[in-house]
Amino acid sequence: MFEVMIFATLNGLVTGLLLFMLASGLTLIFSMMGVLNFAHASFYMLGAYFAYSISLYLGFWPALIVAPVLVGVLGGLIERYGLRRVHKSGHVAELIFTFGLAFLIEEAVQFFWGRATKDYRSPDILDFPLFTLFGQNFPAYKAFMIFISIAIFIALYFVLTRTRIGIIIQAAITHPHTVANLGHNVPLIFMAVFGVGTGLAGLAGVIAGPVLTTFPGMAMVLGSIVFVIVVIGGLGSLAGALVASLLIGLLQSYAIASDLGMPDLLNWLGVSFERDHPLNDIWRLTLPQIAPILPYLLLVLVLIFRPSGLFGKRES
Amino acid sequence: MLKVKDLNAWYGKSHILRGVHFEVGEGEIVSLLGRNGVGRSTTVKTIMGEVEPSGSILFKGQQIAGKKSYEIAKLGIGCVPENRDIFPSLTVRQNLLLGMKSSKGSARWSMEEMFRMFPNLGERADVPGGVLSGGEQQMLCMCRTLMGDPELIMIDEPTEGLAPKVVEQVGELLQEIASRGVAILLVEQKLTIALRISHRLYVMGHGQIVYEGTPDSLLQADDVRREWLEV
């Protein structure tokens, strides 16, 4: 049991930190523009596909740098020439725009790369078990994912709280007019934040692609979970996004690793049931079976008991 | 330095500014007075590019009507808004840092100098701006604008809600700012400090300039004060 918990914790950390890389960009963009970017996970997918194509010619390491930059530049251009124009028509138009963009990117990915899963692999240099514990291997690539995610979190935290540009971004989130009156180009700041946010999503795609497989549905798989995280953490809260990402990552990982289920609970309660009972399927549910829906259950509970999220200040 | 001619502005279909005209010279303190709702704050917002203007706004001979707020600020106009609008979660030091237009800082004002002028701010340099008193927030807001080294500073109701002693301090600071060659457009409802520190003043009514003169001439113009200023 102990070894299962250790590996579940490590895997939960990998998933949670990966989710944070996506959620941090999404929540920063929401804080600034007041609109949820439904296409955010699509930039994550683009990161994986760009990296796959680049790695075919230049290898994994150049792709790790170039792909997120390309995604970030694309994100910045979409903000500048798309979202900024739509912004004048209100939030509903913005939502529809990002919805459409998500579909557009998915179709474009299928058009250029096809529907089949791509053979995007982790680099050979990281293709070895970092350590073996209780007979189980922990891949070096997963440790690399943890390292990159933590490095990004520290860099983001440092830039936002310790540098002048970070202070300007923080102020522009809540008081854009005042910041503009102090001589700062707020639209440029917004474009840069959108670019960095989408670039981070792209980076998440680059490092997740080899592990979670690179296929046209990968944005859909992670996209809904990222929105759950942003709502649970509190719309617009970076600290909330980190806590909620780790919470969801660990929760799912523990649930998958666990062999507990309803029969154990019923036995513990001293309740027995007939095999031909109409609710037999529910009585037999196990935690690994319900692991995928746990984030959504948590979302419902948070919305009922704390609608502003764990760290959120807004009621929206 | 600032020449406003035939300035008009609208909120939707409401015609707020109707041909406003006034001038502010170098190092001059000019007050724009008037009751609530006559268009004083809208005048400031229009000059700062927050409200779309029609007419002419010349700053150092350059037309700034239609420019964006950050471009106008970069040209050398600073604005201290009516609601103070300090950043409550940022520290006093970070608030001041935000006022700087580049990391090189200001030629005329430094953070150390601000802290020397206002020891209260210096003592609370690492405290979030949101916990300061109303007077301290007003000082912080003015210092933040000065950090951008403006040549003209527009201050909207700086004495609103402040204790008489703090109002005096604000007046002294404005005179100190002007003595360093910064022109001031003081926007006020009350005559409290305007009469004492202004070189010239304008009175607004119904979105227009209805009187132009000096503090002495306004003191003698009982009918103007009664009709356009007194409540």
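This is a predicted model: local features need pLDDT of at least 70, side-chain atom pairs count only at pLDDT 80 or more; totals for chains, interfaces and linings use all residues.

Modeller: Residues are numbered from 1 along each chain as its sequence is written, with chains lettered from A and ligands numbered from 1 in the order in which they are written.

Colleague: Which order do the strands of the open sheet take?

Modeller: Helices (H or I, at least four residues) and strands (E, at least two) are DSSP runs, numbered from the N terminus. Two strands pair if DSSP finds at least two bridges between them. Here 6 strands of chain B run β6-β7-β8-β3-β9-β10, with mixed pairing.

Colleague: Why is one side of β6 and of β10 in chain B left without a neighbour in the sheet?

Modeller: β6 (77-80) and β10 (208-213) of chain B each have a single partner strand, because they stand at the edges. On average, neighbouring strands are turned by 20° against each other, direction ignored.

Colleague: In which sense do β3 and β9 of chain B pair?

Modeller: Parallel, over 4 bridges, between residues 29-33 and 200-205 of chain B. L33(B) sits opposite V203(B) in β9(B).

Colleague: Which strands does helix α1 of chain B touch?

Modeller: Contact means C-beta atoms, placed from the backbone, within 7 Å. Axes are lines fitted to C-alpha atoms, for helices over the stretch in contact; angles run from 0 to 180 degrees between N-to-C directions. Helix α1 (residues 40-47) of chain B touches β3, β6, β7, β8 and β9 of chain B, at about 145° to β7(B). Helix α6 (residues 134-146) of chain B touches β6 and β7 of chain B, at about 170° to β6(B).

Definitions and conventions: Two residues are in contact if their C-beta atoms, placed from the backbone, lie within 7 Å.
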